[in-house]
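Student: I have a structure open and want to go through how it is put together. Can we start with how strands are matched up?

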Amino acid sequence: MPEELLRVENLQVEFRSGLTTTKAVNGVSFTLNKKENIGIVGESGSGKSVTATSLLRLIPEPPGIISDGNIFFEEKDLLKLSKKEMRAIRGNEISMIFQDPSTSLNPVYTVGNQIIESIRTHEKISKKEAKQKAIKMLELVGIPSPEKRINMYPHEFSGGMRQRVMIAIALACNPKLLIADEPTTALDVTVQAQILDLMKNLQDEFNTAIIMITHDLGVVWETCDKVLVMYAGNVVESGTVEQIHDNPMHPYTWGLLDSQITESVNNDEPLPTIPGSPPDLSQEVRGCPFAARCPFAQDICFSKKPEMVETEDNHYVSCHFQTKDKRLDRKEQQNDRAIVKG
Amino acid sequence: MTEPLLKVRNLKKHFPMESPIPFKKSTQSVKAVDGVSFDVFPGETLGIVGESGCGKSTMARLVNQLITPTEGVVEFKGKNLVGMKAEELRNSRKSVQMVFQDPFASLDPRKTVGQLIVEPLEIHKIGDKQSRKQRMIELLEVVGLSSYHADRYAHEFSGGQRQRINIARALALNPDVVICDEPVSALDVSVQAQVINLLKQLQRDFDLTYIFISHDLNVVRYMCDRIAVMYLGKIVEMGTYQEIYEKPKHPYTKALLSAIPKESPHDKKERVILNGSVPSPINPPSGCHFHKRCPVAMEMCKTKVPELIDVENGHLASCHFIDKQ
C-alpha cells in the first residue's frame, strides 16, 4: 500500500480587486503518494500555477486569498499552520522550482551563497559544513568543477546551468515534495532532455515526490505517473498517464491531446483545434466551465456543473455525458483521419 | 527547375566586442552567423532550427537587412539587398515581411489595432485613407478577427489574437516572403495549433513563401518543406523534412531529434543526451564546432573543419563521418 504524502481537498483560491473577484482555483482535489510524480496540465490561466503556489502558501495576500479547502501534508493541515511553522516547511519539506531560472536567482549573491542560505535556514550546521554540502549538491546536479563554480554569480551561468542550480537549492534539504512549475519551458529541447533526465535520477536518490506543472504533454508522458487536467480553475479529468493517454474521457482532454503536434500528424491537413477561448473567471460560470467550447454540449451543461465521477479505477472525469456514443464519435473521427493518411 | 526567390550566399555577421582597453579597437567579435548559404524557392517553407544562440534570429534579421551583414550576398528576385540604397531597400522590403516571436512586445501599446495595421500602408504611401481602411478591415477578416476589433488596443487581446494582428500587419503589403521568427513559441498548444493552421491557410491563399524559424521540432516538421539545422552560426545539415526526420546524417541533428519529448507514456525511446550547452560564439571550438559535444568525435574533428557536402539529391550535411555511420 503506497503511503499518502499530500491530500488536497476542495481548494479554492480567489483574487479580489475592487469589485471583481476572480476565482482562479475553484475546488481542486487530489492526493499524492510518496515518491509519486503527478503532472498538472492545462492552458495559461487554467489555475495550474496558482494551485501549486497555494500549496506553499506563497499566494500574495491580499489580493489573493485561499477561501476554502484543506491541504494535508503528512496529516498536518498546511492552511492552519502559523507563518513560522510554514517557513519551517518551505524549502525544507516542500521545495519549489520556478519557470524562469534567470529571474528566480538573486543576481547580487554568488550561487554558493544562495545554496548555503537555504541549507543554513533549516539545518544547524557551520558555514564550512554547509559549503561542503553545497559543493556536493552542485556536483550532484552535474555542474562541472563545482569548487570554482560555487563562487560565481548567476549571470555567469547558462539557462540550463541556472536551472540546475535551482534544483540544487531545492533539493539541498532533502525535501519530501518538489513542486516544479514549468521547469523546462524556458529551455532548449536538448537542455530540457538533460534537466528531465537529471530530475528523474535525483528522484531515485532523494525519494522525492514531484508535482510537475507544464503545458507540454510530452514532458508529462516522460516524467509522471498521474495527471490532473485543469481547465478554468477546475480539474476536469484525472488518472494515470496511461489512462489519460489511451482512454481520455473529457472533451477538453481530447482537444488538448489532439492539438499536440506529433509524428503521426499529416502535414497536409489542418491541425485539430479547440475553438473559442477560456471563460473570464471574474464572471460567475454557471454549469460546466467548458460548455461554451464543447462540441457535445447540451442544455444541461450550461445550467448544472458536472461532478467528478470515477469511470474506472482511479480515473475521474467531470462531464455529464459518460455515454459510449461520445467516445465512439471520437474513435470514428480518428479512424477517418487514419484512412485519409492511408 | 524553378529559380530561387531568395539566394543567400556566404552570409556572415560578426558583432565586434567592446575592447577592455578604452579607445583601442577590439579584435574579438561574436560570430553570430558565420558563412551561411541557402536558397528559398517560391511557395515553399524553409524551416530553420537550432538551440538558442545558434544564430537563427540574427539570420532572419540579416535576410531582411534589419542589420547589415559583415559579408555575403542576399539576392531577392535577382537583386542584391546588401549595400542597397535606403530608398530602394524600403521598396524591396515590401515584399519581405517579418512576424516576430513575442506578441506582447511587438505591438505598439499606444495604437489601436486599426492604426497598427494601416501603418505599413502609410509608410509605403499606398492608397488613400478610404482604401487603406477598406484594406485594414479586409486583413482583419483574413486573419480571423472582425472589423469591430479595429478600435481596440493591443492589451485587450490574448496572445494568439495579437499574433494574428502581427500576421495581418505583415500581409498588408502583399509580400512574397514572410520571415516568421518563432511565431508560436509564446503561445499555448491549442492556440498554437490555431495560428499554425492560419499560417498554412494564408500560404495557400496568397502564394506566400515562408522562412520559419523555431526551436520546436514538431512544429517545424508540420510546417516546413525543407529544413536547415544550425549550430553555432553555421548550417550543419539541410534537406527536405522527410530526409531530416527519417534519415538524419549529422550527429547534432540526431541528438536534437532524440531530445523531443515522448509521444505517449508507452513510448520507450533511446536518448542521445548531449552534454553541456552551446559553446561561446566568441571563441568557437577549433575544427568542427560540434566536436566537444559530439558522441562520435575523433581526433580529426578537432583540427579540420568539415565542409557542407551533398549526401544525396540535395541533402546536405557537414560531418567527416557521414559515410561511416
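Tutor: First a definition: two strands count as paired if DSSP finds at least two bridges between them. Note also that this is a predicted model.

Student: OK. In strand 12 of chain B, what is the bridge partner of E237(B)?

Tutor: The partner of E237(B) there is A317(B). Strand 10 of chain B and strand 12 (residues 315–317) of chain B run antiparallel and are joined by two bridges.

Student: Which strand pairs with strand 9 of chain B, and over how many bridges?

Tutor: Strand 9 (residues 226–231) of chain B pairs with strand 10 of chain B, antiparallel, over six bridges. Within that pair, A228(B) is opposite M238(B).

Student: Moving to the open sheet of four strands in chain B, what is the order?

Tutor: The order is 2-1-4-5, with antiparallel pairing. At the edges are strand 2 (29–40) and strand 5 (79–80) of chain B, each pairing on one side only. Strand 1 (residues 6–16) of chain B is joined to strand 4 (residues 71–76) of chain B by five bridges, and V8(B) stands opposite V74(B) in strand 4.

Student: What lies across strand 1, strand 2 and strand 4 of chain B?

Tutor: Helix 1 (residues 56–63) of chain B does, at about 60° to strand 2 of chain B.

Student: And the order of the open sheet in chain A?

Tutor: Four strands in the order 2-1-4-5, paired antiparallel. Strand 2 (20–33) and strand 5 (76–77) of chain A are the edge strands. Eleven bridges join strand 1 (residues 4–17) of chain A to strand 2 of chain A; F15(A) has T22(A) as its bridge partner in strand 2. Helix 1 (residues 48–55) of chain A lies across strand 1, strand 2 and strand 4 (64–73) of chain A, at about 65° to strand 2.

Student: Now the core. How many residues are in the largest nonpolar core?

Tutor: It has 175 residues, and those with the most contacts inside it are A168(A), I211(A), V229(A), I211(B) and V229(B). Helix 6 (residues 159–171) of chain A gives the largest share of this core, eight residues.

Student: What does I211(B) touch?

Tutor: Leaving out residues up to four places away in sequence, I211(B) touches V40(B), L46(B), I48(B), A60(B), V63(B), V177(B) and I179(B).

Student: Back to helix 6 of chain A: how many of the 13 residues are buried?

Tutor: Twelve of the 13, so helix 6 of chain A is largely enclosed by the rest of the structure. Its buried residues pack against strand 6 (94–97), helix 3 (111–122), helix 4 (127–140), strand 7 (177–181) and helix 7 of chain A.

Student: What span should helix 6 of chain A have?

Tutor: At 1.5 Å a residue, its 13 residues should span 18 Å; the end C-alpha atoms are 18 Å apart, which agrees.

Student: Last topic, the interface. How many residues of chain A are in contact with chain B?

Tutor: 35 residues of chain A are in contact with 30 residues of chain B. Helix 7 of chain A supplies the largest share of the chain A side, seven residues. That side divides into twelve nonpolar, 16 polar and seven charged residues.

Terms used
Residues numbered from 1 in each chain as written. Chains lettered and ligands numbered in written order. Predicted model: local features only at pLDDT ≥ 70, side-chain atom pairs only at ≥ 80, totals over all residues. Contact = placed C-beta atoms within 7 Å. Nonpolar A, V, L, I, M, F, W, Y, C, P; charged D, E, K, R; others polar. Core = buried A, V, L, I, M, F, W, Y, C linked by C-beta atoms within 7 Å. Buried ≥ 20, exposed ≤ 12 C-beta atoms within 10 Å, placed from the backbone. Axes fitted to C-alpha atoms, helices over the stretch in contact; angles between N-to-C directions. Expected span 1.5 Å × (residues − 1).
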